[in-house]
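Subject: Handover of a structure

Dear colleague,

Please find the structure below.

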Protein chains: 4
Amino acid sequence: MNSEREVKGFASDNNSGVHPEIMNQLLSVNSGHVLGYGSDIYTEEAEKIFRQIFGKDTKVYFVFNGTAANVLGITGVTNSWDSVITAFTSHIEQDECGAVEKFAGCKVLSVDTSDGKLTTSMLEKHMHGFGFEHHSQPKVISVTQATEMGTVYSPEEIKELADYAHSKGMLLHMDGARIANAAVSLGCSFREFTTDAGVDVLSFGGTKNGMMYGEAVCFLKARLSSEFKYIRKQGMQLASKMRFIAAQYIAYFKNNLWHNLASHSNKMAQILYQKIIKIDGVKVTQPVQANGVFVILPPEVASRLQKKYFFYTWNETINEYRLMTSWDTTPEEIFDFTELLKQEMSKFLRTKNV
Amino acid sequence: MNSEREVKGFASDNNSGVHPEIMNQLLSVNSGHVLGYGSDIYTEEAEKIFRQIFGKDTKVYFVFNGTAANVLGITGVTNSWDSVITAFTSHIEQDECGAVEKFAGCKVLSVDTSDGKLTTSMLEKHMHGFGFEHHSQPKVISVTQATEMGTVYSPEEIKELADYAHSKGMLLHMDGARIANAAVSLGCSFREFTTDAGVDVLSFGGTKNGMMYGEAVCFLKARLSSEFKYIRKQGMQLASKMRFIAAQYIAYFKNNLWHNLASHSNKMAQILYQKIIKIDGVKVTQPVQANGVFVILPPEVASRLQKKYFFYTWNETINEYRLMTSWDTTPEEIFDFTELLKQEMSKFLRTKNV
Amino acid sequence: MNSEREVKGFASDNNSGVHPEIMNQLLSVNSGHVLGYGSDIYTEEAEKIFRQIFGKDTKVYFVFNGTAANVLGITGVTNSWDSVITAFTSHIEQDECGAVEKFAGCKVLSVDTSDGKLTTSMLEKHMHGFGFEHHSQPKVISVTQATEMGTVYSPEEIKELADYAHSKGMLLHMDGARIANAAVSLGCSFREFTTDAGVDVLSFGGTKNGMMYGEAVCFLKARLSSEFKYIRKQGMQLASKMRFIAAQYIAYFKNNLWHNLASHSNKMAQILYQKIIKIDGVKVTQPVQANGVFVILPPEVASRLQKKYFFYTWNETINEYRLMTSWDTTPEEIFDFTELLKQEMSKFLRTKNV
Amino acid sequence: MNSEREVKGFASDNNSGVHPEIMNQLLSVNSGHVLGYGSDIYTEEAEKIFRQIFGKDTKVYFVFNGTAANVLGITGVTNSWDSVITAFTSHIEQDECGAVEKFAGCKVLSVDTSDGKLTTSMLEKHMHGFGFEHHSQPKVISVTQATEMGTVYSPEEIKELADYAHSKGMLLHMDGARIANAAVSLGCSFREFTTDAGVDVLSFGGTKNGMMYGEAVCFLKARLSSEFKYIRKQGMQLASKMRFIAAQYIAYFKNNLWHNLASHSNKMAQILYQKIIKIDGVKVTQPVQANGVFVILPPEVASRLQKKYFFYTWNETINEYRLMTSWDTTPEEIFDFTELLKQEMSKFLRTKNV
């Protein structure tokens with residue numbers, strides 16, 4: 001590799017590194033001994049910040065990654081004979097290799113959506129068999145905020161889903177791997193579209209927005225977490241040197257770092273989007289509300305672009321590709337990329353039209 | 001907390017922080033984008049180092065922590081109807097909250113030992129029912145090196161266990177959470193008491209010896225790992241920003257950092273041991289071969305000492321306590337601690353003898 | 001309960017009792033001692049019959065019930081990181097309380113169908129992510145024959161699904177809880193639409209067609225069953241007095257008992273169907289190919305009928321009800337029931353039309 | 001097989017058939033339709049009998065076999081991070097292929113005993129780590145009554161274990177696969193050594209004492225069973241034609257059939273024991289309190305006897321064999337067998353002494 005420049009692209013926000021302020025915090029907590037497994041002052045401090053953000057009745061447990069946050073959070077509020085209902089495009093349905101089924105033992109039921117967002121009417125299909133022992137009991141509705149399709153639920157939409165869930169004795173889970181991008185997009189506090197909207201369990205992510213590792217399982221009603229310490233340990237997710245996860249969250253919330261980083265990546269996605277819609281022959285398939293842009297491109301154009309700026313195919317059948325921006329994406333990269341796209345598309349269209 | 005000094009103690013080697021050279025490596029890989037989930041040049045480099053150390057037929061997979069390394073490594077080579085045989089004091093029996101049973105589905109069978117070390121004759125008790133569907137099939141023998149009791153297997157002892165396992169169609173698993181301390185203690189290369197001695201699967205730890213997080217599941221016969229990538233992902237242990245685990249191992253092996261750190265902590269344990277055996281009324285219960293010293297103390301003495309230098313009770317019934325040294329333990333701390341112990345013991349004995 | 005008559009109805013074929021010839025066989029094997037767990041001459045004989053029917057390369061394992069046959073058969077050919085694709089209406093998706101997920105650890109993915117039957121084009125939605133560790137690996141396609149909607153796959157349709165599965169490295173599983181009804185409906189031997197059509201694993205049911213208990217997991221390629229004996233035992237499905245399951249199958253196949261019973265129930269369903277379609281205002285929603293008739297009725301009519309002849313609501317949203325016939329359904333019951341239905345419908349329509 | 005006689009032996013009480021009165025009851029309930037899955041009058045009646053026997057606060061759930069009764073009963077009262085403590089010789093430790101670990105996810109911890117019976121002092125070894133998330137939480141003590149070694153706990157011994165369990169927030173589980181033999185041996189009602197002695201969950205067996213199949217999970221405190229209906233269904237143990245399990249229990253309790261059968265087999269064991277102790281060179285290793293006799297024999301003698309009367313090797317290392325009597329063992333068989341044993345032993349001793 002000649003330079004870091006060559007590997008930058010639009011593949012995923014987790015291809016970026018760690019923000020310097022988070023790195024500095026790791027250095028600053030690295031002295032002396034502290035007790036392991038979370039009995040240290042940094043973890044205490046980070047937990048306090050979470051309670052300030054999400055409300056006093058919040059219990060937060062740090063784990064290593066987003067898959068674990070989702071799987072263990074769901075395990076914490078389900079029995080193996082329950083079901084979790086989610087969008088077909090959600091991470092727990094598509095990208096966790098069946099970890100919910102393996103660990104929670106639950107059935108995961110999905111519904112098709114156009115934009116990654118659930119609505120109550122979509123859920124009706126799975127709302128039956130309550131109390132009937134032959135049927136997995138509907139127990140959790142799981143939304144992703146921002147969604148895997150780059151869209152964002154409004155606080156009202158979340159509230160409607162939460163009310164619906166609660167009216168049926170169910171709970172609302174939120175996969176917040178990109179929750180910062182959603183908050184910035186909505187111009188809301190985290191609390192407005194989580195605790196205040198009725199969310200019960202939240203996976204609060206940071207790795208895609210400048211952290212190194214470590215996610216937070218937040219029980220927004222503390223009573224739901226009564227046995228979670230055992231679930232985390234048996235789930236292989238209790239970090240011995242916990243201070244280094246806590247430290248990252250301390251830095252993440254200090255001086256609104258999370259907000260600055262997510263604002264930047266969302267803004268980069270908007271610039272990317274504005275450039276792309278002006279290019280003939282490229283179709284954007286989803287509203288751009290967070291830090292992802294979904295486009296339909298001729299595969300030959302895509303593969304030429306991917307050599308310089310890597311990005312992933314999303315849906316082969318319709319030649320859909322996903323472009324993710326991140327906290328360290330630069331306007332120059334976007335200008336260069338879209339210029340290239342423009343040239344390649346124009347070449348492509350010329351050839352086709354001859 | 002007035003100063004970091006106050007929280008230093010002998011509780012656990014994981015109460016220490018991260019060695020500066022490892023921190024520096026984290027900084028040095030933190031630029032630009034790299035693909036996530038291990039498809040990056042740092043992971044490639046770290047994997048190469050592991051092959052150099054353990055042999056060409058090694059396949060290494062990084063995970064977040066030691067529990068996961070043990071549980072997933074064992075899952076990789078067992079069916080749910082198999083059993084794993086280990087020492088009663090082993091981490092998988094006592095300290096992983098049943099994670100092997102939950103995730104691998106296996107039965108864990110234990111045997112009592114005096115020093116945490118298995119011998120083939122101890123295993124006979126569980127060697128029956130092969131091919132008999134009513135009985136869990138004995139499949140894995142699991143040893144810890146260095147053991148939870150601060151003792152170390154010789155390469156010959158490992159080889160005997162491996163040969164025994166293989167003669168029965170079983171495999172030998174090693175929990176190497178403190179493998180560096182064992183290597184230093186033996187004056188051996190890692191390979192001499194692992195690959196060359198017949199170990200099949202190894203959890204290679206670093207967190208207790210100066211790393212921040214990240215352990216390595218090493219299949220010393222590559223064919224055993226054919227489906228492990230799915231097990232790691234479904235096991236919630238596939239890191240997105242993998243480069244930061246890989247980087248730590250790169251630094252760990254550079255200039256024999258691992259050796260220097262483990263030598264230091266072993267040496268500190270020897271000094272501690274030498275001081276302690278000279279103190280009247282204190283009994284050391286285990287050979288000191290790595291970085292742990294097990295002592296029997298009057299509880300009132302222990303509790304007074306724990307206020308200044310925290311350490312854990314090991315076995316309440318017999319007033320046994322565990323003292324762990326680490327890469328950052330200083331001779332001054334040991335002198336001060338043992339001086340205090342001497343004074344408290346002398347006070348205690350005086351009171352008793354009146 | 002005044003008389004047995006009062007509880008007869010169209011609720012389910014499992015509401016019927018045991019055919020006298022099967023009862024007699026239970027009596028006839030009940031003398032002396034035989035070894036337990038299947039090492040007896042009756043089990044040997046029953047296994048031989050299965051090999052005669054399904055081919056020499058068949059391995060059959062008896063279990064207690066249909067849920068177990070499906071769940072363990074699927075467990076036998078999957079890893080926990082695999083997925084099973086099935087119809088939304090299938091028993092493993094709707095009626096086994098998540099047992100596949102709990103026991104196999106697998107993801108179960110469903111597709112909507114109009115008649116309970118899968119076609120290859122429906123499956124495309126789930127055919128991605130092969131070899132990609134983030135995604136559950138598509139491994140099994142599971143069909144029900146006859147389906148839960150009373151329809152039947154032709155041998156050609158089965159073959160197309162099997163070829164499709166095999167072309168992708170997948171397997172075809174058949175839930176044959178009502179396989180006898182399907183065979184009679186098709187006028188085929190069992191083998192023509194199972195082994196010969198490429199089915200890999202089959203749950204062969206008998207309880208719904210005159211047996212007391214006991215189902216058979218048939219591996220139609222013996223090599224697929226190499227570790228199944230452990231799965232059955234760990235799956236809590238190894239019967240100690242196995243001879244009594246085997247005996248039932250011996251009687252079931254003797255003198256084509258199975259065929260006579262299924263012919264009868266299919267014929268009763270046809271009579272029921274012919275009567276019903278002549279009644280104004282009742283809609284039959286599915287082709288009647290086995291022993292179930294699905295109808296749309298006014299709920300008040302349904303509830304009046306259910307007092308005399310119990311049957312289940314299938315889909316509340318559209319007032320759909322399921323009527324099942326069984327080996328002991330009599331033409332008189334059908335005449336009486338349909339007469340009643342006719343009267344109630346006519347009353348209902350009169351009231352409505354006033 | 002020329003005659004039934006040839007296969008009779010002392011292998012296991014489950015090698016016997018079904019008692020005629022139980023067969024008759026199966027015939028007598030086999031008419032008309034009843035609802036499936038336990039919503040029938042026979043199940044209602046059987047449940048009522050269980051409440052009469054074990055007390056009003058009893059909830060009983062029928063399952064297919066003893067493994068399921070143990071595994072699901074334990075699952076009903078544990079979380080996956082709990083542990084179950086039992087004798088090394090217990091069925092859940094030795095003979096259920098790890099089903100507790102697989103299905104409940106729990107750790108099973110065992111202790112060595114001389115006679116298959118636990119005492120509170122033996123349990124101390126595992127009584128630690130309460131509330132400590134690293135350690136599986138001790139939750140259930142599981143005893144077998146009568147034990148796998150043919151011994152029987154007194155009501156006082158059971159009570160002591162129950163009190164001990166409850167004092168630690170734990171529960172007492174009883175595997176009653178041979179509970180009838182224990183009751184007869186003690187001359188007690190079932191209730192005296194179960195409900196009244198503090199047992200919380202009981203597997204009530206009948207298959208080894210004249211039934212065909214079907215065991216009962218009895219929660220002796222009804223509140224413990226609140227979610228058990230889902231566990232039974234997801235555990236693949238909900239019988240569709242439940243009336244045939246219920247019917248067997250109805251017959252089993254009618255006219256004290258259970259008592260007559262168990263009295264007989266216990267008596268046969270006593271006769272066997274009295275004959276055997278008079279034979280030179282044969283050692284009986286366990287008190288004979290139920291229907292098993294454990295003996296040490298020269299292997300050549302054993303193998304000659306096994307040709308006529310089959311029985312199992314129990315412990316190869318010490319040439320220990322198990323002889324089980326059952327409800328249909330005859331005094332003639334015992335006379336013949338012991339005569340043979342006497343002859344063979346005498347031949348053996350003569351050869352040895354030459």
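Helices (H or I, at least four residues) and strands (E, at least two) are DSSP runs, numbered from the N terminus. This is a predicted model, in which local features need pLDDT of at least 70 and side-chain atom pairs count only at pLDDT 80 or more, while totals for chains, interfaces and linings use all residues. Residues are numbered from 1 along each chain as its sequence is written, chains are lettered from A and ligands numbered from 1 in the order in which they are written, and side-chain values use heavy atoms, with hydrogens and water left out.

In chain A, helix H3 (residues 66-76) contains Ala69(A). Ala69(A) counts as buried because its relative accessibility is 0%, buried meaning under 20% relative accessible area (1.4 Å probe, protein chains only). Beyond its neighbours within four places in sequence, Ala69(A) is in contact (heavy atoms within 4.5 Å) with Val63(A), Ser203(A), Glu215(A) and Val217(A).

Chain B holds an open sheet of 4 strands in the order S8-S9-S11-S10, with antiparallel pairing; two strands pair if DSSP finds at least two bridges between them. Its edge strands are S8 (283-284) and S10 (312-315) of chain B, each pairing on one side only. Strand S10(B) is joined by 3 bridges to strand S11 (residues 320-324) of chain B, where Glu320(B) is the bridge partner of Asn315(B).

As to confidence, pLDDT is the predictor's confidence in each residue, from 0 to 100. Chain A has a mean pLDDT of 95, but pLDDT stays under 50 over residues 1-6 of chain A. Where pLDDT is low, the predicted coordinates should not be read in detail.

Yours sincerely

Conventions
Buried < 20%, exposed > 50% of the residue type's maximum accessible area, 1.4 Å probe, protein only.
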